[in-house]
Amino acid sequence: MKNLSNTALYIILLVNFNLLYGQVITNKQKVDDAFTEMDNQYALRFFDALNGKPIMNAKVVVGDYGEYYTDNEGRALFETEDLQDGELQINFTHPKYIESNFKVEVMAGTIFFNRFSVSPILPIGALRIVLDWDKRPGDLDAHFVKTGDYHISYRNKTVSSDGVARLDRDDMNGYGPETITANNISTNNEYIYYVHDYTNQTASGSKSLSNSKACVKVFGNGQLLFVFNVPEESRGTKWEVFRISNGQIFSSNIIE
């Protein structure tokens, strides 16, 4: 092995420090949450489904542990030394947003996924579909198809054939939200909503979509109507989440 000069050693250490520092900054949210859980505090994060910004001053009731309020980062922090594995019931309320109830999975004393994008209050008759996921894959795309009519996605963000349907937010850097709003749902047509793993589009055998912790929430009629979680241990890049027929939502929940 060659001996390194002091200058060369300094450069190597500087590069490694910069790489590490950059990783810490990039993953600041994840690190903050990890340290929080080490101190027996847990973070639940809430975001606006239309713009992805943190929601402040929302009330969050966490199971039997109590009620908490979100800070300027959208975090509701709660503390316990005995977080039980299983499902933890979460209730979210804020005057400008639709009241929402979530079930959070706890495994080995750790919250499986702690991000929730919540819809602002909707007009009567409108439907809003919100996709959240983990940091990887970087780019998941939401698609909403009215059979025989329109196809909303990043390629065609707005149509107005029967009112307005639009892609409100396209996320290409992980986490989401990626959000679609339809102001009118016809009872005479069928609709399909699916998620495409654009990052791994050429890898048909990939499990990245299945391992993304992706979650789809459907808001309408002043409430959170449905929550769909991506099937685990499945190969494929397309997740058909649900269909709408005769005005009713039917789960598909298939990866292919």
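# Reading a predicted fold: pocket, sheet, cores

Q: What is the volume of the largest pocket?
A: The largest pocket has a volume of about 500 Å³. The general idea: rolling a probe the size of a water molecule over the atoms shows where empty space is left. Here a 1 Å grid is laid over the protein atoms alone; a pocket is an open set of points with protein on both sides within 12 Å along at least five of seven lines, whereas a cavity is a set where a 1.4 Å probe fits but cannot get out. Points are joined across faces, edges and corners, and the volume is the space filled by probe spheres set on them.

Q: Which residues lie nearest the centre of the largest pocket?
A: Lys-103, Glu-105, Phe-112, Phe-113 and Asn-229, out of 20 lining residues. A lining residue has an atom within 4 Å of a point. Two or more residues each come from β5 (86-94), β6 (97-107), β8 (115-118) and β17. β6 gives the most, with five.

Q: What kind of model is this, and which pLDDT limits apply?
A: The model is predicted; local features need pLDDT of at least 70 and side-chain atom pairs count only at 80 or more, while totals for chains, interfaces and linings use all residues. Residues are numbered from 1 along each chain as its sequence is written, and side-chain values use heavy atoms, with hydrogens and water left out.

Q: Where does pLDDT stay under 50?
A: First the term: pLDDT is the predictor's confidence in each residue, from 0 to 100. The mean for the protein chain is 86, and 85% of its residues reach 70 or more. Residues 1-28 stay under 50, and the model gives them four contacts beyond four places in sequence. Contact means heavy atoms within 4.5 Å. Where pLDDT is low, the predicted coordinates should not be read in detail.

Q: What is the strand order in the open sheet of six strands?
A: Strands are DSSP runs of E, at least two residues, numbered from the N terminus; helices are runs of H or I, at least four. Two strands pair if DSSP finds at least two bridges between them. The order here is β12-β13-β14-β9-β16-β17, with antiparallel pairing. β12 (158-159) and β17 stand at the edges with a single partner strand each, so one side of each has no neighbour in the sheet.

Q: How many bridges join β16 and β17?
A: Six, between residues 215-220 and 223-229. Lys-217 stands opposite Val-227. The hairpin has two residues between its strands, and Asn-221 takes a positive phi near 55°. Asn-221 is a residue other than glycine. At 58% relative accessibility, Asn-221 counts as exposed. The cut-offs: buried is under 20% relative accessible area, exposed over 50%, partly exposed in between (1.4 Å probe, protein chains only).

Q: Which residues have the most contacts inside the largest nonpolar core?
A: A nonpolar core is a set of buried Ala, Val, Leu, Ile, Met, Phe, Trp, Tyr and Cys residues joined through side-chain atoms within 4.5 Å. The largest has 29 residues, and Phe-144, Tyr-193, Val-195, Val-216, Trp-239 and Phe-242 have the most contacts inside it. β18 gives the most to this core, with four residues. A second, separate core of 28 residues includes Ile-90, Val-106, Leu-122 and Leu-224.

Q: Is Ile-192 buried or exposed?
A: Ile-192 counts as buried, at 17% relative accessibility. Ile-192 sits in β15 (residues 191-197). Beyond neighbours within four places in sequence, its contacts include His-143, Phe-144 and Phe-242.

Q: Where is the cis peptide bond with omega near -5°?
A: From Arg-136 to Pro-137. Pro-137 lies in the loop between β9 and β10. Another cis bond joins Gly-176 and Pro-177, with omega about 5°. Pro-177 lies in the loop between β13 and β14.
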